[in-house]
Each structure stands twice: as structure tokens, then as C-alpha cells.
Amino acid sequence: MMSNTPKYEVYWGVDCGSSEIKVVALDPDGRLLLKRKQKTLFPLQDHVRRALAGENGDLSPFTTADSTEIKPGHKIVATGYGRKYIGFVDDALTEIKAHFIGVQDQLHLDQAYSIIDIGGQDSKIIAVDHS
């Protein structure tokens with residue numbers, strides 16, 4: 001018999017863009033637990049870790065303040081131009097795929113639509129046709 005217990009307690013999304021690092025954390029039901037934003041600086045992986053960890057006492061995916069070891073029950077997925085340079089994430093998606101999945105999950109559209117993303121480094125237009 002399969003359990004209805006969620007596989008993860010907290011899902012983390014990191015958008016490592018050319019000008020900003022944006023972080024969100026969601027519970028298994030998709031409710032927003034937190035969001036953070038900071039300037040993209042280098043070394044990139046250190047600043048992404050800092051953005052995820054937050055300040056002392058904040059919700060963090062890491063086992064200790066100086067670690068990149070992920071706590072059990074936490075999953076981190078990255079997108080953005082820096083996604084390939086973050087060694088401790090569980091998965092990485094292109095921005096186009098992340099936008100599509102997000103719109104489909106939130107809006108459940110079954111007709112044609114477009115998504116426009118104007119970023120710091122480039123812009124993208126996604127046209128979706130369900131026919």
C-alpha cells in the first residue's frame with residue numbers, strides 16, 4: 001500500500017539570473033513559505049547558498065550554517081543562466097521549461113497562450129498551442 005505522505009517537506013526554487021538571485025520555498029501543497037532576493041555576485045555558488053540559507057533563524061535547506069549538505073525532506077531546483085554552476089542542487093531546468101510548468105500548474109490552461117519573460121540578460125517569448 002502506498003503512503004500519501006509527501007516525499008519532500010520543502011521544495012526550493014532558485015532563479016540564478018544575470019542580475020538577481022531569487023529564491024522561493026513551498027510546502028508540499030504549493031503554499032509559499034518564503035521568498036528572498038539578492039544581487040547576483042561572485043563566487044556564484046557561495047552567493048546562491050547565502051540566498052537559500054537566509055539569516056540566522058530563517059528557514060534553510062542546509063544541515064548547518066556553513067554547509068551545502070541538504071537536509072532530508074528538502075529539494076532544490078535551479079533555473080536561470082547560472083543554474084549549471086550550482087553543484088548542490090537536486091535538479092536544473094531551463095527558464096522556458098520552468099515558466100511552462102508553472103503556468104500549467106497554476107492556471108490549467110487548455111487553450112493557446114503566450115508567456116513573455118524580460119530578463120536582465122535576454123528576453124524570451126513562449127507560444128503554447130494545445131491543438
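In this predicted model, helix 1, which spans residues 44-53, is mostly covered, with seven of its ten residues buried. The buried positions are Leu-44, His-47, Val-48, Arg-49, Ala-51, Leu-52 and Ala-53. Their cover includes strand 1 (10-16), strand 2 (20-26), strand 3 (32-39) and strand 4 (74-79). Just after helix 1, Gly-54 adopts a positive phi of about 70 degrees.

His-47 lies in helix 1. Its relative accessible area is 11%, so His-47 counts as buried, the cut-off being under 20%. When neighbours within four places in sequence are left aside, the contacts of His-47 are Ile-21, Gln-38, Leu-41 and Phe-42.

Two aromatic pairs are present in the structure. Their geometry is tabulated below.

| Pair | Centre to centre | Angle between planes | Class |
|---|---|---|---|
| Tyr-8 and Tyr-11 | 5.5 Å | 75 degrees | edge-to-face |
| Phe-62 and Phe-88 | 5.4 Å | 80 degrees | edge-to-face |

The pair of Phe-62 and Phe-88 links distant parts of the chain, its members being 26 residues apart. Phe-62 belongs to the loop between helix 1 and strand 4, whereas Phe-88 belongs to the loop between strand 4 and strand 5 (91-92). Both of these phenylalanines, Phe-62 and Phe-88, are buried. In the tyrosine pair, Tyr-11 is partly exposed because its relative accessibility is 30%.

Arg-49 is itself one of the buried residues of helix 1.

Definitions and conventions
Residues numbered from 1 in each chain as written. Predicted model: local features only at pLDDT ≥ 70, side-chain atom pairs only at ≥ 80, totals over all residues. Heavy atoms only, no water. Buried < 20%, exposed > 50% of the residue type's maximum accessible area, 1.4 Å probe, protein only. Helix = DSSP H or I, 4+ residues; strand = E, 2+ residues; numbered from the N terminus. Contact = heavy atoms within 4.5 Å. Phe/Tyr/Trp six-rings, centres within 6.5 Å; stacked < 30°, edge-to-face > 60°.
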